[in-house]
2 protein chains.
Amino acid sequence: MKKLLILLLLTSFHSYAQNDDEKQLKKIYDAALTEGKAYDWLNYLSNQIGGRLSGSLEAQRAVEYTKTQLDSLGLDKVWLQPVMVPKWVRGTPEFAYLETSPGMTTTVPICALGGSVATPVGGLKAKLIEVKGIEELKALGRSKIEGKIVFYNRPMDPTLISTFDAYSGAVDQRFSGAEEAAKFGAVGVIVRSMNLRLDDFPHTGSMSYGETAVADRIPAAAISTNAAEMLATTLKLNPETKFYFKQNSKQFDDVESFNVIGEITGSTHPDEIIVVGGHLDSWDLGDGSHDDGAGCVQSMEVLRLLKISGYKPKRTIRAVLFMNEENGLRGGTEYAAKAEMSNENHVFALESDSGGFTPRGFSFDGSDADLKKVQAWVPLFEPYMVHSFQKGYSGADIAPLKKEGMVLAGLLPDSQRYFAHHHAANDTFEYVNKRELELGAASMASLIYLFDKYGDDFGTLKP
Amino acid sequence: MKKLLILLLLTSFHSYAQNDDEKQLKKIYDAALTEGKAYDWLNYLSNQIGGRLSGSLEAQRAVEYTKTQLDSLGLDKVWLQPVMVPKWVRGTPEFAYLETSPGMTTTVPICALGGSVATPVGGLKAKLIEVKGIEELKALGRSKIEGKIVFYNRPMDPTLISTFDAYSGAVDQRFSGAEEAAKFGAVGVIVRSMNLRLDDFPHTGSMSYGETAVADRIPAAAISTNAAEMLATTLKLNPETKFYFKQNSKQFDDVESFNVIGEITGSTHPDEIIVVGGHLDSWDLGDGSHDDGAGCVQSMEVLRLLKISGYKPKRTIRAVLFMNEENGLRGGTEYAAKAEMSNENHVFALESDSGGFTPRGFSFDGSDADLKKVQAWVPLFEPYMVHSFQKGYSGADIAPLKKEGMVLAGLLPDSQRYFAHHHAANDTFEYVNKRELELGAASMASLIYLFDKYGDDFGTLKP
């Protein structure tokens with residue numbers, strides 16, 4: 001009987017709490033969809049500022065703009081955290097053609113990979129060797145590679161439903177292709193763009209020369225998927241086809257930049273910090289709307305939505321707009337290092353860096369016990385079609401904060417369209433849908449609210 | 001012990017079947033994503049044919065094109081089912097302006113609603129009265145309405161997560177606005193476009209004059225959401241503002257058109273018919289890619305995917321491309337009437353008419369017992385992020401087939417972007433993502449496969 005009574009009490013308490021949370025989430029989603037600011041902020045970042053490569057004037061303007069906007073929200077604290085970032089510059093537009101016989105040339109769209117060295121001033125022309133990946137390169141060996149341009153042409157796997165899985169399975173060609181090809185005497189590298197769609201946009205992205213000596217570094221560029229298909233066909237017809245490309249990208253000394261931070265200080269547990277963030281830098285070809293202007297304005301919107309909903313967080317909620325995710329991760333690394341030095345207690349972190357598309361759920365990086373608790377919130381998100389709570393990766397910028405018992409999370413938007421725009425000239429504002437962006441922001445604010453409210457039950461904080 | 005054994009046997013049988021189904025679904029999705037035809041078919045329908053209003057030359061070309069394509073698939077039967085359809089023609093482009101004082105005019109984008117009568121040859125100019133809906137119109141009464149143009153300006157509710165719910169809550173203004181306004185002596189009707197986004201596209205759509213005598217019918221047009229906002233602001237500043245519009249749309253006599261049908265005849269239960277369909281007609285402003293070119297090519301693709309997967313359906317699977325969903329539903333009505341006359345036994349039907357966006361699930365119209373059985377398939381769809389199996393509406397074209405014990409279903413794509421394009425000049429091919437379209441087709445083929453295989457357990461067929 002007593003047991004039954006306790007059960008009844010628990011049930012009614014649970015219903016009460018659930019009901020309360022349902023109302024709070026509804027408040028958050030309604031505000032995001034009717035008086036949201038994220039879309040206007042993104043419009044400014046994208047159309048008034050544009051691509052925000054680390055170390056660029058645009059990146060600095062974005063730092064100043066977002067700080068001003070955070071200042072206007074009446075938060076408890078807004079500040080800039082200095083961080084030294086690499087400065088790589090694309091230079092004049094790249095140019096490339098293939099030559100099937102002397103004088104018979106066809107121009108193709110390419111772009112230098114981020115971090116690539118320039119070609120010689122007059123450009124670089126050589127025969128091509130097509131490979132499907134680094135393993136095939138190694139199998140071919142020096143005799144087949146030396147003096148040639150290596151053409152990496154393994155497409156992303158279209159049968160993987162998460163396009164991020166398909167990206168992971170192909171991006172080694174872009175990241176390590178030049179380093180590996182140089183070992184066999186290649187003179188340059190052309191990589192099929194990381195894009196599931198056949199179109200004419202080359203997609204840039206980070207690459208590394210690893211331990212390659214400066215003198216041995218070879219230039220690397222991405223080629224559009226349409227041109228990659230054409231190149232492969234041409235090579236089958238005429239293996240003597242030559243490829244010419246010219247780029248004058250350059251790495252400068254590091255320069256100072258900033259993470260932009262705003263916080264609502266916790267009312268009862270100010271020392272327990274919850275981070276929500278995205279990265280403010282982007283590649284230079286488009287305006288970085290999806291990658292990751294969206295994540296930045298959503299993170300700013302989380303603070304605003306919590307504030308206007310009247311909710312007083314127990315813990316400190318910080319929006320962090322990280323600098324330099326794309327080609328160095330200096331912002332995320334610096335933020336975590338400073339947090340450790342200052343003995344700051346970060347208890348939860350959430351990143352949005354997968355585009356401003358319809359949110360499908362979250363991926364969580366944490367203990368199984370904590371993930372089970374998170375799963376209990378799924379019914380609260382079901383009315384918003386945010387069903388998918390998965391175990392998985394959170395985000396590059398918050399990953400350095402990871403410690404035992406902490407839960408890190410990443411927003412999971414629908415991924416089907418992402419790689420048609422990622423790191424390319426068509427990552428632009430017109431491809432962001434206002435409602436999709438807003439639903440993402442509301443989902444993030446709702447998760448932050450729940451972690452703040454029920455944080456005591458989780459890993460690091462559990463008594 | 002015996003009980004346990006049965007349980008074990010059942011479990012292992014279940015695992016085996018599950019495993020089999022998992023493999024079949026994987027086969028279907030892989031084929032859709034690697035060698036799909038839906039996108040190419042849609043490209044042709046949209047870019048070589050264009051908008052396919054019932055009774056138009058384009059509609060006839062679409063009938064012939066899709067029949068030819070179905071013919072090429074090696075199906076058991078392909079045919080055209082004649083159906084008489086209404087023929088409404090927009091005429092020369094509409095023209096409208098608002099006039100705040102004599103000579104002070106601002107042009108605004110409008111389009112005639114489907115079925116609307118023309119204005120007088122010289123156009124129509126009158127004062128405006130803004131209402132938020134039909135209730136407000138009635139409350140104002142004849143003295144406030146007579147001689148004026150009624151401006152219906154209740155927006156779709158942005159807080160509803162399913163934009164179809166928001167559409168349902170606003171579309172009475174478009175459908176019945178003219179009929180109701182005419183009763184109070186209005187001379188014309190301007191309706192805010194059914195669009196959640198603020199932009200410059202007017203959205204057409206069907207309307208009805210109900211029992212209004214021909215002589216009393218008043219012209220009705222949609223105005224873009226941006227212009228609706230501007231008009232409302234202007235009216236607040238100057239209630240004497242006049243509105244001018246001119247359109248010469250016209251209704252002709254009915255003409256003959258066709259439903260396009262292809263089938264794989266069932267191997268063991270040929271008399272039990274499963275329908276999968278979309279509608280081939282569209283509005284005339286865009287090219288009808290999302291509404292409903294997508295549903296047509298997905299339905300054709302279902303037959304192709306089942307065929308190339310090597311699966312031999314027990315029941316007859318029919319793809320039906322219905323004519324005239326938009327302004328008459330004659331195709332759906334005729335198909336059902338013919339089916340009844342011929343004593344055909346339709347056991348399941350699925351429609352795709354909510355756009356070619358990422359599939360989120362299905363809505364099912366059927367008995368609770370049958371829906372429970374359907375729910376058991378959710379785990380099979382989870383790897384494809386098709387989580388949402390809801391009770392609800394199926395589709396306009398298949399609804400006339402409804403009978404006791406039958407399950408009808410509708411594909412549920414993500415709805416956030418749909419009404420930015422619906423019935424407007426920007427419902428065009430460029431806004432369809434290839435993978436999203438293909439995932440929808442694969443989801444439909446998978447559901448059809450499961451209904452064919454396990455159909456014996458359901459309503460009408462259960463022994």
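1. The open sheet of chain A. Eight strands line up as β3-β2-β9-β5-β6-β7-β8-β4 in chain A, and their pairing is mixed. Strands pair here if DSSP finds at least two bridges between them. Strands (E, at least two residues) and helices (H or I, at least four) are DSSP runs, numbered from the N terminus. β3 (104–107) and β4 (110–112) of chain A stand at the edges with a single partner strand each, so one side of each has no neighbour in the sheet. From one strand to the next, the twist averages 30°. Such angles run from 0 to 180 degrees between N-to-C directions, with axes fitted as lines to C-alpha atoms, for helices over the stretch in contact.

2. Basis of the model. This is a predicted model, in which local features need pLDDT of at least 70 and side-chain atom pairs count only at pLDDT 80 or more, while totals for chains, interfaces and linings use all residues. Residues are numbered from 1 along each chain as its sequence is written, chains are lettered from A and ligands numbered from 1 in the order written, and side-chain values use heavy atoms, with hydrogens and water left out.

3. Strand β2 (residues 95–101) of chain A pairs with β3(A) in the antiparallel sense, over 4 bridges. Within this pair, Tyr97(A) stands opposite Thr107(A).

4. β9 in chain B. Strand β9 (residues 242–246) of chain B pairs antiparallel with β2 (residues 95–101) of chain B over 5 bridges. Leu98(B) has Phe243(B) as its bridge partner in β9(B). β9(B) also pairs antiparallel with strand β5 (residues 124–131) of chain B, over 4 bridges. There, Lys127(B) is partnered by Lys242(B).

5. β11 in chain A. Strand β11 (residues 269–279) of chain A is mostly covered, with 8 of its 11 residues buried. Buried means under 20% relative accessible area, exposed over 50%, and partly exposed in between (1.4 Å probe, protein chains only). β11(A) runs parallel to strand β12 (residues 315–322) of chain A, joined by 8 bridges. Ile273(A) has Thr316(A) as its bridge partner in β12(A). From β11(A), the chain crosses through helix α9 (residues 289–308) of chain A to β12(A), a right-handed β-α-β crossover. Right-handed means that, with the strands pointing away from the viewer, the path from the first strand over the helix to the second runs clockwise. Another parallel partner is strand β13 (residues 345–351) of chain A, joined to β11(A) by 6 bridges. Gly277(A) is bridged to Glu351(A) in β13(A).

6. Helix packing in chain B. Helices α2 (residues 38–49) and α9 (residues 289–308) of chain B pack at about 140°, with their axes 9 Å apart. That angle makes α2(B) oblique to α9(B). Contact residues, with heavy atoms within 4.5 Å, include Trp41(B) and Leu45(B) of α2(B), and Val297(B) and Met300(B) of α9(B).

7. Ser446(B). Which helix holds Ser446(B)? Ser446(B) lies in α13 (residues 434–454) of chain B. Ser446(B) counts as buried because its relative accessibility is 0%. Beyond four places in sequence, Ser446(B) is in contact with Leu25(B), Ile28(B), Tyr29(B) and Phe381(B).

8. Glu58(B). This residue, Glu58(B), is in helix α3 (residues 57–71) of chain B. Glu58(B) is partly exposed, at 30% relative accessible area. Glu58(B) touches Ile49(B), Gly51(B) and Arg52(B), leaving out residues up to four places away in sequence.

Key
Angles under 35 degrees count as roughly parallel, over 145 as roughly antiparallel, 65 to 115 as roughly perpendicular and the rest as oblique.
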